[in-house]
Every structure is written in C-alpha cells, then in structure tokens.
Amino acid sequence: MKDAILSSRMNHIDTSLIRKMFDLAGDLKNPINLSIGQPHFPAPRNIVDAAAKALTEGRTAYTQTQGIPQLREAMAAHFREKNGIATQADRVLISSGVSSLLQLLFMATIDPGDRVLLVSPAFLIYRGLVSFFRAEETLLPQTFAADDLKKIPKDRLKLIIYSSPSNPTGYIMKAEQIKALADLAEETGALLVSDEIYALFDYDKKFISAGSIYPETLTLFGFSKSYSMTGLRLSAATGPQTIMKAMTTLQQYTVVCAPSAVQWAGVEALKTDMTPYVDDYRKKRDLIRAGLQGVTEFYEPEGAFYLFAKVPGEDMAFCERAIKEKELLVVPGRIFTNETNWIRISYAAEESVLHRGIDALKELMK
Ligand SMILES: Cc1ncc(COP(=O)(O)O)c(C=O)c1O
C-alpha cells in the first residue's frame with residue numbers, strides 16, 4: 001500500500017511524543033506510574049451490576065441515536081439540580097465519551113481557517129482537533145482577566161473551550177472569568193464549550209457550571225472520571241438546540257449510539273454517591289502538594305487529579321531521566337502548553353505509589 005492512501009489531514013495529527021514515552025516505559029518492572037488520567041479504582045459494584053443486568057436481559061441492540069430516554073431524563077435532572085442549567089431531556093445527547101462529543105462538535109462547527117480559543121494549559125485532544133481540522137488556535141492563559149479578552153484575535157472565532165476543573169492544572173474557573181467568556185461568545189457569535197468531566201473533583205471551592213451563568217453554553221459531561229468508567233465510554237451533552245441537532249445528526253453517521261448496556265449503567269451511576277472517592281483524592285492532593293511545596297513551582301491544584309509542576313530544564317529530558325533513573329512516569333507538559341518546562345503529575349494512584357513518586361520527584365528536581 002502506498003503512503004498516498006492517507007489523507008492530508010493525517011499530517012496534522014502527531015502522536016510521536018506520547019509514543020516515544022510509551023516506548024521508553026515499555027519494559028519497566030515496577031514503575032511509579034503518575035501519568036495516567038483515570039481513577040485508580042474500578043467502577044463501583046452497583047454500576048457494574050447494572051451493566052451486567054442489562055446485558056443478561058438482552059439489552060444488546062442499537063438504542064436511539066440520542067440515547068435511551070431513561071438516561072436522557074436522568075441526565076437532564078442532573079444538569080438542572082447539580083449544575084443549575086435549565087434544560088430538559090430533549091436537549092440531551094448521550095454519546096460514547098467526551099472525546100466523541102468533541103469530535104462531533106468540531107465536525108459540526110469548524111471549517112479550515114476558523115478560530116478556536118482554548119484556555120491554556122489545555123487538554124491535548126482540544127489541541128489535536130484544532131490542528132486536525134485545520135483551525136487556528138488561540139491560547140488564553142488560565143489566569144486571564146476580562147480585559148485580556150479585548151486583545152485577542154476574534155476573526156472567525158467559532159469555539160471557546162475550557163475544562164474546569166482543568167486537565168492538566170486542576171484550576172477551577174472563576175465566575176467572573178466565565179462571565180467574560182460568555183460576553184465574548186455573545187459579541188462574536190462563538191459557542192462557549194464547558195468541559196465538566198472533572199466536575200465532581202472540586203476540593204476547596206465549588207466548581208461553577210458555565211451553563212448556570214450563560215444558558216447558551218454547550219456543556220460536556222463525562223462518566224469516565226467521576227465513576228471510573230473510562231473503558232465503558234459514556235458521556236452526555238446539553239446546549240443550544242441548533243448545535244444539539246447537528247451533533248445528533250453527525251452521531252447517526254459516526255458513533256451511532258453509546259453502548260446500550262453502558263447507558264443503563266449510566267442511569268445507576270447518577271444515583272451513586274462518590275463522596276468517599278472524592279475525599280480520598282482530596283487527601284492525595286494534599287499529600288502531593290505538601291510533598292512538592294518548596295521543591296518546585298506548580299499551579300495550585302484545586303480540582304481534578306493532576307498537579308502541573310515546573311521542572312529544571314526541558315520537560316522531555318526530565319521525563320526521560322525520570323523513567324531511566326527512577327522508573328517514574330509523568331507526562332511532558334508541552335502537549336498542553338507551548339512552554340517546554342512543565343510536567344503533569346497524576347495523583348490518581350495508590351498512596352504507596354504516591355509516596356514513592358514524591359521521593360523520586362524530589363531527587364530529580366534537585
Ligand atoms: C478535560 C478532558 N476532557 C475529556 C476527556 C475525555 O474523556 P472521555 O472520552 O473518556 O469521556 C478527558 C480525558 O482525559 C479530559 O481530561
């Protein structure tokens with residue numbers, strides 16, 4: 001087969017960096033893995049049982065494109081009660097992970113040359129999609145004030161995307177910042193997109209759902225992190241009618257529907273109290289924050305389960321050294337930002353692993 005079989009779009013997606021890290025880590029015997037962006041515990045038993053029951057009862061067929069009515073209703077109630085978003089079931093789309101929702105969103109809205117504003121450091125899939133869809137990326141530092149929005153390019157601005165709590169920094173977006181982004185969306189006609197996949201993991205102050213401030217927001221909800229369902233692939237979105245309709249149409253041609261039995265597990269998940277798990281991560285956040293205090297500079301980790309820390313020298317060299325000298329896996333920060341001297345540390349790990357990680361980081365940072 002000739003290379004020419006590949007579309008020119010494929011030149012605009014690059015996974016070489018992540019592959020390189022995986023290759024390096026390939027034959028470690030007892031790695032300290034602080035690179036993974038997923039909970040270190042399995043989904044609670046009642047959720048697994050609900051999926052098993054659905055399968056045993058023969059729920060193995062396609063569902064409606066938008067998702068089963070029971071989950072759409074439950075999600076609409078969740079959006080209203082937990083997030084303060086005035087929505088209803090007919091404005092909820094169930095999909096297969098927030099990653100799929102992002103695909104549908106870009107397909108529905110982005111032509112080459114359109115502009116996407118990302119709050120930076122930004123989740124790598126947003127950046128990958130901007131590049132793949134040949135859009136222009138504008139990065140806005142997460143500490144931005146309303147005035148900073150006056151200075152950014154606004155031509156062809158289509159999407160304004162952020163995650164709060166943030167992957168990779170754990171930052172929780174402030175109400176006045178959300179208002180400023182909403183004003184920008186109003187002024188330019190762009191769509192404000194709030195990725196709330198880490199909503200449950202807010203430790204000190206309550207995370208604010210953008211849709212409660214600005215009803216025209218597209219809100220993305222994920223089951224992956226909240227309920228440790230990363231491999232089960234389930235998500236939900238709610239937002240303006242036009243965008244919901246377009247994404248649903250595109251889902252017919254792509255995802256088709258979220259896995260049927262998993263949607264039933266989703267109904268059960270929404271009834272599950274995850275407080276003990278969140279409390280556990282709060283303690284782990286405290287542990288790693290205390291461990292690295294005075295050792296290096298880092299963004300204040302307010303939520304999610306990441307700490308974004310500065311390293312001496314280049315991130316790639318640091319990550320390679322961490323693997324070779326300490327069997328420690330962390331993620332180079334350059335996939336989230338244009339700066340090259342940061343790493344992302346995930347504290348979704350067993351406490352003993354975290355202790356080993358902190359000790360290793362302290363020595364590597366010397
Ligand atoms: C901010 C953010 N959004 C979306 C996703 C994708 O999650 P999923 O496709 O599993 O729902 C992730 C996963 O790491 C994430 O960190």
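What follows covers the ligand site and then the domains. Keep in mind that this is a predicted model. In short, the ligand takes up the space of the largest pocket, and the chain is assigned two stretches of domain, called domain 1 and domain 2.

**Who surrounds the ligand**
- There are 13 residues around the ligand, and S99, D195, Y198, S224 and K225 come nearest.
- Sorted by class, that shell holds 5 nonpolar, 5 polar and 3 charged residues.

- K225 puts a side-chain N or O atom 2.6 Å from an oxygen atom of the ligand.
- Y198 does likewise, with a side-chain N or O atom 2.7 Å from a ligand oxygen.
- On its own the ligand has 400 Å² of accessible area, and the protein covers 92% of that.

**Domains**
- Domain 1 is made of 3–43 plus 274–365, while domain 2 runs over 51–269.
- Where the two meet, domain 1 gives 34 residues to the contact and domain 2 gives 34 residues.

Technical notes
Residues are numbered from 1 along each chain as its sequence is written. This is a predicted model: local features need pLDDT of at least 70, side-chain atom pairs count only at pLDDT 80 or more; totals for chains, interfaces and linings use all residues. Side-chain values use heavy atoms; hydrogens and water are left out. A residue is near a molecule or strand if one of its heavy atoms lies within 4 Å of it. A polar contact is a pair of N or O atoms within 3.5 Å; within protein, one must be able to donate a hydrogen and the other to accept it, and residues adjacent in sequence count only if both atoms are side-chain atoms. Accessible areas come from the Shrake-Rupley method with a 1.4 Å probe; for residues, only the protein chains shown count as cover. On a 1 Å grid over the protein atoms alone, a cavity is a set of points where a 1.4 Å probe fits but cannot get out, and a pocket is an open set with protein on both sides within 12 Å along at least five of seven lines; lining residues have an atom within 4 Å of a point. A molecule sits in a cavity or pocket if more than half of its atoms lie within 2 Å of its grid points. Ala, Val, Leu, Ile, Met, Phe, Trp, Tyr, Cys and Pro count as nonpolar, Asp, Glu, Lys and Arg as charged, and the others, Gly among them, as polar. Domain bounds come from an automatic or database domain assignment. Contact means heavy atoms within 4.5 Å.
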